[in-house]
Amino acid sequence: MERTLLIQARIKRNWSQRHAAQALGVDVNTLLRWEKGVSSPRMQSIADLCKLYGKSAEELQLSQIDQISITPGGLMTDNIRAGLSYDLTSRLMRIIFSWRKQDTYELQNKINQTINDYDPIVEMDIERTITRRDALRTLVLFACETCYIGTAKKAGSEEILAQCAAAITACWYLRKGKELALANDAVSTYIASLQPLAEINASKKSASALLTQCYLLKATLSRLVEGHDQPLSHLEQAQRFSGMAEDPILQVLALRTLAATYSYGNKSSAALTLGEKAAEKLKNISAPPKLQSFVYAGLANYQAQCSLKNDSLKSLEMANKTFTEESYIWIDHPESNMWINTGMVNLHLGDFQSAITAFGRVETLPDLSGSSDGKIEATINSVVAEVQRDDRPRDLDRCIALWQQGINGAKALKSEQWFSEAKNAHRLMCAAWPTEQRIKALREQLAHW
């Protein structure tokens with residue numbers, strides 16, 4: 001729930017979110033999440049907010065926040081307190097083991113909030129970046145073991161649901177990095193344990209919602225790793241389980257993801273039909289702004305592919321208007337995706353400079369604001385835009401540098417999709433500069449891993 005009193009305290013001082021965030025020493029997206037009620041500040045940050053605005057925690061709607069408490073009874077030294085505070089793994093595990101509610105969405109939001117709140121620490125200390133990654137891996141692997149042993153011993157459904165909900169959240173984060181194979185294999189393990197729970201009335205909706213997320217994630221991972229056509233069977237399952245979950249948000253998300261799959265496969269008419277269907281469904285539900293932006297950004301791209309310029313620009317405007325970095329990790333729409341869709345709209349409409357500028361913005365984003373494949377996608381698309389431009393002479397040196405960056409990224413990620421796209425971009429470069437020896441020499445880099 002949005003913290004209106006916290007927002008009003010900032011507005012009363014005529015401060016922007018960026019100004020207030022700088023005064024607090026936090027990232028502007030962190031302050032945005034606090035104001036939106038998506039995540040909550042820790043005790044020290046609450047004290048800083050009270051001091052900054054000259055108000056009590058209650059006057060800022062911050063007095064009811066649950067903080068981690070430790071029951072006295074053992075020896076609690078300063079070193080142990082510091083370890084518990086900075087060890088992300090133990091913080092995540094405490095949340096899972098203490099969970100006694102049926103709402104897996106709430107658990108995922110809590111896990112996501114804890115990971116997000118850790119980000120400012122990560123940015124200041126490279127060693128804790130490794131700690132963050134390892135914490136996510138531990139969460140993912142621990143749930144795999146629980147599912148394997150739990151299924152054999154018929155563990156309680158609540159335990160499996162909680163473990164899977166937290167681990168699926170962690171997998172969405174791993175999907176942003178380079179551990180696609182681990183995330184893919186882990187999700188397959190969760191699917192095997194969740195499917196029987198989807199047949200039990202008491203756990204049907206929760207298990208079905210988690211299965212929908214699993215198949216959406218599988219679709220994205222298989223597209224990246226295996227190629228354009230592979231995700232379709234996963235998305236059929238995502239649509240099926242979103243219906244069983246009776247969750248309209250997941251139903252819209254499944255449609256939007258299916259539309260993107262057709263778009264990547266150059267099936268623009270099918271993508272447009274599904275994108276329009278997803279947008280129509282949005283009108284009848286209370287959807288989070290991040291989902292609205294995701295749907296309209298995709299729709300703008302599909303409309304531009306079909307040369308519907310006016311409709312495309314209106315949809316893009318709506319996507320920008322509703323964009324927010326909310327903590328719905330399973331809505332795969334970070335800031336990098338917003339810029340990529342903006343670039344694709346301009347590329348399809350022939351505004352090459354605007355497309356190149358939009359793709360270039362992705363490269364400037366911090367790693368936590370996007371995904372590894374997002375930067376590869378933007379880089380390769382920049383090459384395509386540069387080669388196709390007719391508004392001024394093409395920049396050969398820039399194309400070569402960007403293409404090498406893109407192909408190296410695709411090979412490092414072992415992404416069949418972006419390796420294939422890099423090959424297509426190379427063919428375009430060969431057609432644009434048929435006698436250029438430096439372009440021909442790039443063929444040596446097209447060796448598969």
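Reader: What makes helix 12 and helix 13 roughly antiparallel to each other?

Author: In this predicted model, the axes of helix 12 (residues 232-245) and helix 13 (residues 248-264) come within 9 Å and cross at roughly 165 degrees. Angles over 145 degrees count as roughly antiparallel, and therefore helix 12 and helix 13 are described as roughly antiparallel to each other. The crossing in which helix 12 passes helix 13 is left-handed.

Reader: Which residues of helix 12 and helix 13 meet?

Author: From helix 12 come L232, L235, A238, Q239, S242 and G243, and they meet L250, Q251, A254, L255, T257, L258, T261 and Y262 of helix 13. Sorted by class, the residues of this contact are 8 nonpolar, 6 polar and no charged.

Reader: Why are helix 20 and helix 21 called roughly antiparallel?

Author: Helix 20 and helix 21 (residues 416-432) pack with their axes 9 Å apart and at an angle of about 160 degrees. The cut-off for roughly antiparallel is an angle over 145 degrees, so the description roughly antiparallel applies to helix 20 and helix 21. Their crossing is left-handed, and in the contact C399, I400, W403, I407, A410 and K411 of helix 20 meet W418, F419, A422, A425, H426 and M429 of helix 21. These residues divide into 10 nonpolar, 1 polar and 1 charged.

Reader: What makes helix 9 and helix 11 parallel or antiparallel?

Author: The axes of helix 9 (residues 157-176) and helix 11 cross at roughly 25 degrees and come within 11 Å. Angles under 35 degrees count as roughly parallel, and therefore helix 9 and helix 11 are roughly parallel to each other. Helix 9 passes helix 11 in a left-handed crossing. The residues in contact include L161, A165 and I168 of helix 9, with L210, Q213 and C214 among those of helix 11. By class, this contact has 12 nonpolar, 3 polar and 1 charged residues.

Reader: How do you know whether S208 is buried or exposed?

Author: S208, which is found in helix 11 (residues 204-226), has a relative accessible area of 0%. Buried means under 20%, so S208 counts as buried. Leaving aside residues up to four places away in sequence, S208 touches A198, F241, M244 and A245.

Reader: Why is R389 placed in its class of accessibility?

Author: R389 has a relative accessibility of 4%, and as the limit for buried is under 20%, R389 is therefore classed as buried. R389 is found in the loop between helix 19 (372-388) and helix 20 (396-413).

Reader: How do you know that the side chain of R389 makes a polar contact?

Author: The partner is the side chain of Q353, at 2.8 Å, and a polar contact needs a pair of N or O atoms within 3.5 Å. R389 also touches F352, I356 and R394, when residues up to four places away in sequence are not counted.

Reader: What makes R42 partly exposed?

Author: R42 lies in the loop between helix 3 (28-36) and helix 4 (43-53), and its relative accessible area is 33%. Buried is under 20% and exposed is over 50%, so R42, with its 33%, is called partly exposed. R42 and T114 are 72 residues apart in sequence, and their C-alpha atoms are 10.0 Å apart in space.

Conventions
Residues are numbered from 1 along each chain as its sequence is written. This is a predicted model: local features need pLDDT of at least 70, side-chain atom pairs count only at pLDDT 80 or more; totals for chains, interfaces and linings use all residues. Side-chain values use heavy atoms; hydrogens and water are left out. Helices (H or I, at least four residues) and strands (E, at least two) are DSSP runs, numbered from the N terminus. Buried means under 20% relative accessible area, exposed over 50%, partly exposed in between (1.4 Å probe, protein chains only). Axes are lines fitted to C-alpha atoms, for helices over the stretch in contact, and angles run from 0 to 180 degrees between N-to-C directions. Angles under 35 degrees count as roughly parallel, over 145 as roughly antiparallel, 65 to 115 as roughly perpendicular and the rest as oblique. A crossing is left-handed if the near helix is turned anticlockwise from the far one by less than a right angle, and right-handed if clockwise. Contact means heavy atoms within 4.5 Å. Ala, Val, Leu, Ile, Met, Phe, Trp, Tyr, Cys and Pro count as nonpolar, Asp, Glu, Lys and Arg as charged, and the others, Gly among them, as polar. A polar contact is a pair of N or O atoms within 3.5 Å; within protein, one must be able to donate a hydrogen and the other to accept it, and residues adjacent in sequence count only if both atoms are side-chain atoms.
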